[in-house]
Amino acid sequence: MIEGCIAVLNNYGFGPYGLCGFYDFGLSHKNKKWKKNENAFKPNGGNGWQLERETNSTTSFLAKCILHHISSLPFISLSSTSPFYGFQTSPFLTETIQTNFSFISTSQQPTANRCPPPPPTATMLKHTNLVVKILIALILGCDFGRNKISSTGNFAASTTDLPHHATIALLTERLKLDGDLRIDNLHHAAKDFGNRYSLLPAAVLYPKSVSDISSLVNYVFQMGPTSRLTIAARGHGHSLEGQAQAHQGVVVNMESLGKSQEMRFHIEGESRPFVDVSAGAQTRDGPEIMDGLSSSNGRWTLSNAGISGQAFRHGPQINNVHQLEVVTGTGQVVTCTEEMNSDLFYGVLGGLGQFGIITRAHISLEPAPKMVKWIRVLYVDFAAFTEDQEQLISSNSSFDYVEGFVLINRTGLLNNWRSSFNCKDPVQASRFFSEGKTLFCLEIAKYFTEGDAETTDQKIEGLLSKLNYNESTLFISEVSYVEFLDRVHVSELKLQEKGLWDVPHPWLNLLVPKSKIHKFATQVFGNILTDTSNGPILIYPVDKSRWNTKTSMVTPKEDVFYLVAFLSSAMPSSTGKDSLEHILSQNKRILDVCETANLETKQYLPHYSAQEEWKKHFGSQWEAFVRRKFTYDPLAILTPGQRIFQKATGFL
């Protein structure tokens, strides 16, 4: 219905600026009763109705926009470029508009010989705030390229009319910050771990307080939808597809906030010990182990989920959060918990940065062990491998950490392990050959204190006796708990030394239902993938029956599903199997298999290029996801790099 819109909304007193001329839709308001204005509407060649009133050019123009195709469509329709496209099919919106906008329902469309009947006051103004929000959404949904609706009215000057560089200059001048807003040395903010996208921002904010972030977001929000500015929060640059970038927008360097805010440990007298930590911090930034406590997952990745080999016991990281401080897309600073502002609390957890910027979090702590028995064993049979993994995660007295990975056509595999592990049977291990085989490694760990080493060894022996691995491939290492947690970082440093870290990382992370994992393995391992020389392939099950499922994270319907992570690295100058083009082609083939075989997989750390794909990804959660975006970031300012919603901008 709406295919054009207003150039400068704040000049209409609309949205966050108030609402003027609301009843000027061919109606006038006298003595609190609705009265039809007979001169307001005139038929427009059978293609709709136009308003021909001159008393208020701004509201007349608004009315023209909204009534442009009222007779040609049975109901309101948002354009495909709208940040809220697809929401028009929502029962929530349908019911709301039918309640609050009964005068434009199908049964009350104007005909060539009569005007639309006036809405009763009680109906029209039943939920004023909701009406305003819906109108904002409709205006944001305009397609500015189809019909070039214009007005002869003179619009007041606004800072949003200025060229982009002038807008940034005004930001720098007007914002009163504890930190810095810089417009030079921006290239680092256009890079991430994925190393495939490079979108240069117009400025980078280095906040030293939460109010710095709040002030920035609120200022951009007050500029209205005619401003092109968007905002992305960047932690340590671990994104894969440019999710933390904002082309010609403002990137918020969350590391700066993390360095200016101390971690605060709450232990004494607490029934649930926790750490109060600022966004941008990592577990390595502060004392990982303090008074014998550590975070349950060792990872703080709250906008995604935070899945690790301990998730089968503790759930993902987002299930181990007590409280959040969030800056919403309007600049409001909100403290939220499961009981207080719970909709925002659950929304931002796993919400891909769409509803707010998390600035602080209370994260659960648990007693930290001193030592770890770190074990690897190999399987040739995939069925035995998955059966053992599923048995381990279902037991409360099993290992403390359960992961696995796939190894295809690896040469000298066991010899490579000898540098970090002790082989249980060196003679038998020397006779085991990995070349030309598809093998499955079970990686497990048992935590203990130094005085319990002997008892722990007995427990491990009993647990291993129930597993069906190849006995000649048992490798065990004893390390400190800190060393175990930091093992990935050590590998990162080694790759950096060799110049193999700053390369493209076209990772693909999938969640595969338990009932589909064997079909997936048959189609992919040894078929699409004929070797694993480009990087590890993780595979392990988790059980979400112990999780809190109210968050925004999307998982398969089955309680037990597998994380399968293809962690590939591409060589920039290569044209062979380790080239970016080849790996991306492999990823596409894997996704095509999931689609054609109806494996019901979901992407973890998802990335899609079209909103229809996002709608499919979220499934039944899409409506709630859009509603939350509508509520907490109505102008689609935040995290544009996810490419879920596009900020609507007016035409000038």
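**Aromatic rings, charges and cysteines**

Tyr608 and Trp614 are both buried (under 20% relative accessible area, with exposed over 50% and partly exposed in between, using a 1.4 Å probe and protein chains only). This is a predicted model, so local features need pLDDT of at least 70 and side-chain atom pairs count only at pLDDT 80 or more, while totals for chains, interfaces and linings use all residues. Residues are numbered from 1 along each chain as its sequence is written, and side-chain values use heavy atoms, with hydrogens and water left out.

**Ring pairs**
- There are 26 aromatic pairs in the structure (Phe, Tyr and six-membered Trp rings with centres within 6.5 Å; planes under 30 degrees apart are stacked, over 60 edge-to-face, the rest tilted).
- Phe345 and Tyr346 make an edge-to-face pair, because their planes sit at 70° with the ring centres 5.3 Å apart.
- Tyr608 and Trp614 are edge-to-face too, with centres 4.9 Å apart and planes at 80°.
- Phe345 counts as buried at 1% relative accessibility, and Tyr346 counts as buried at 8%.
- Tyr608 and Trp614 also belong to a cluster linked by ring pairs, along with Phe355, Phe618, Trp622, Phe625 and Phe645.

**Charges over rings**
- Arg487 has its charged end over the ring of Phe484, 4.0 Å from the centre (the cut-off is NZ of Lys or CZ of Arg within 6 Å of the ring centre and within 35 degrees of the ring normal).
- Lys437 lies over the face of Phe432, 4.8 Å from the ring centre.

**Cysteines**
- You'll find zero disulfides here (a disulfide being a pair of cysteine sulfur atoms within 2.5 Å).
- Cys441 counts as buried at 0% relative accessibility, and Cys594 is buried with a relative accessible area of 5%.
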